[in-house]
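Subject: Structure handover

Hello,

Here is the structure I promised to pass on. Please open it first, then read my notes below.

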Amino acid sequence: MNMPSSLPIVRLMPKADARAIRFGFPWVYSNDLVTDRRTKAIEAGAIAELQDAERQPLGLVAFNPDSRIIARMLDRDTSAVIDKAWIATRLKKALDHRERIFAEPFYRLVHAEADGFPGVVIDRFGDTVVMQPNAAWADRLVPEFTAALQEVVGIKTVIMNGSGRARGLEGLPEEMKVVAGDAPAAPIPVPMNGAIYMADVMGGQKTGLFYDQRPNHAFNAGLCKGAKVLDVFSHVGGFSLAALAGGAESALAVDGSAPALALAEQGAEAMGVSSKFATRKGDAFDVLAALAEEGETFDVVVCDPPAFAPSKQSLEAGLRAYERVARLAAPLVREGGYLALCSCSHAADLSKFRNASARGIGRAGRSAQIIHTGYAGADHPMMPQLAESGYLKSVFFRL
């Protein structure tokens, strides 16, 4: 067993707020840590003991001198050993929660800090998982994660998706590989809210499917019986296929990605609703403007764009983009119809996003009621001390 003394020690600056760490905040920023030659020599991804300025232990952290988040809390117990058994114990807790709330094995299995695995995302597709190790410590422990997933969850295929902005911030390379089992030969059909989605786990966005919107797809589907529906930034048909499963008369999915729309069409075919489903490829803003020129209107319009404000620096530009989406979408909603607007930008909190959306609706000359606010599903738990873990919001308006 590793004794604490065998691990490198890193220490908070006297000005740093050690209480926040003691009360559960999981990150230490580089300007809050004493960084001398010794600490800078610690390898990215190494496990270290974190101490406060008075040399009192705070716990074990994953250390990365190349990241602004220089240390991520792993365990309050400094005698813990971060190995396969440690991963398996936490994985079991994460699995117990998902198995309680979902009848079928299709969900986010690990949601980073909130599940005790900082920087790690794992989505499950039956006996296949896609793992995103977005922090250096997890990147080093991919074999241990793989073994624990096979042992605890009974997973056959483990795909490592090492792409995205978060890995770049950690100084990690982009790579995609199958670390156990065989890559699926075709997209995996995923049943959700009565719909069937096609997840391309090897070539799709992120892990191949967005599970976070599941409860919002369901709420929206409840508005769609007999409705004509427009789903903008549709990806593989998230809102539109659920709407058809909920009894929509027709649905049009709009996205800039031809492969994503092809997967949406395959999903519609698998559901037997191809005759009610259409797609339109193009820039979402251009298509919204074109639909207005064509005089098109819909009973329900949903816009679920990518993160327009992924950081504080991009917040103002992001809010203007959300306002523009609302302004272009509102004229397409029939009197008494519904407009659902979504944001997955953690930098834009609910109040700022809602206000930007309401401004856009007002600029389009429409008045609105807010009827519902939705968040990510229960397989995307939020860490109370970390606002960033509650990134998704969907605001439903009746116009």
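Is Arg-98 buried or exposed? Arg-98 is buried, because its relative accessible area is 0%. Buried means under 20% relative accessible area, exposed means over 50%, and partly exposed lies in between, with a 1.4 Å probe and protein chains only.

Before the rest, some ground rules. This is a predicted model, in which local features need pLDDT of at least 70 and side-chain atom pairs count only at pLDDT 80 or more, while totals for chains, interfaces and linings use all residues. Residues are numbered from 1 along each chain as its sequence is written, and side-chain values use heavy atoms, with hydrogens and water left out.

**Arg-98**

Arg-98 is found in helix H3, residues 84-101. Helices (H or I, at least four residues) and strands (E, at least two) are DSSP runs, numbered from the N terminus. The Arg-98 side chain reaches the backbone oxygen of Asp-379 at 3.0 Å. That is a polar contact: a pair of N or O atoms within 3.5 Å, where, within protein, one must be able to donate a hydrogen and the other to accept it, and residues adjacent in sequence count only if both atoms are side-chain atoms. Contact in general means heavy atoms within 4.5 Å. Leaving aside neighbours within four places in sequence, the contacts of Arg-98 include Tyr-107, His-111, Asp-115, Asp-379 and Pro-381.

**Aromatic rings**

The whole structure holds 15 aromatic pairs. Rings of Phe, Tyr and Trp (its six-membered ring) pair if their centres lie within 6.5 Å; planes under 30 degrees apart count as stacked, over 60 as edge-to-face and the rest as tilted.

Take Trp-86 and Trp-137. Their ring centres are 6.2 Å apart and their planes are at 85 degrees, so the pair is edge-to-face. This pair links distant parts of the chain: Trp-86 is in helix H3 and Trp-137 in helix H4 (residues 136-140), 51 residues apart. Trp-86 is buried, with a relative accessible area of 9%. Trp-137 counts as buried too, at 2%.

Now Phe-233 and Phe-285. Here the centres are 6.4 Å apart and the planes at 80 degrees, so this pair is edge-to-face. It also links distant parts of the chain, 52 residues apart. Phe-233 is in the loop between strand E13 (228-232) and helix H8 (238-245), and Phe-285 is in helix H10 (residues 284-293). Both Phe-233 and Phe-285 are buried.

The test is NZ of Lys or CZ of Arg within 6 Å of the ring centre and within 35 degrees of the ring normal. Arg-324 lies over the face of Phe-285, 4.1 Å from the ring centre. The charged end of Lys-228 sits over the ring of Phe-298, 4.8 Å from its centre.

**Helix H12**

Does the length of H12 agree or disagree with its 14 residues? At 1.5 Å a residue, helix H12 (residues 350-363) should span 20 Å, and its end C-alpha atoms are 20 Å apart, which agrees. The expected span is 1.5 Å times one less than the number of residues.

Phe-353, Ala-356, Ser-357, Gly-360 and Ile-361 are buried in H12. Seen down the axis, the buried residues of H12 fall within an arc of 135 degrees, so they line one face of the helix. The arc is that of the directions from the helix axis to the C-beta atoms. Their cover includes helix H11 (315-329), strand E17 (333-343) and strand E19 (393-398).

Just after H12, Gly-365 takes a positive phi of about 80 degrees. Ala-368 is in the loop between H12 and strand E18 (369-375). Ala-368 counts as partly exposed, at 42% relative accessibility.

**Loops**

Ala-112 has a positive phi of about 50 degrees although it is not a glycine. Ala-112 is in the loop between strand E6 (106-111) and strand E7 (120-125), and is buried at 12% relative accessibility.

Asn-193, not a glycine either, has a positive phi of about 55 degrees. Asn-193 is partly exposed, with a relative accessible area of 32%.

Ser-67 is in the loop between strand E4 (57-63) and strand E5 (69-75). The side chain of Ser-67 reaches the backbone nitrogen of Ile-69 at 3.1 Å.

Best wishes
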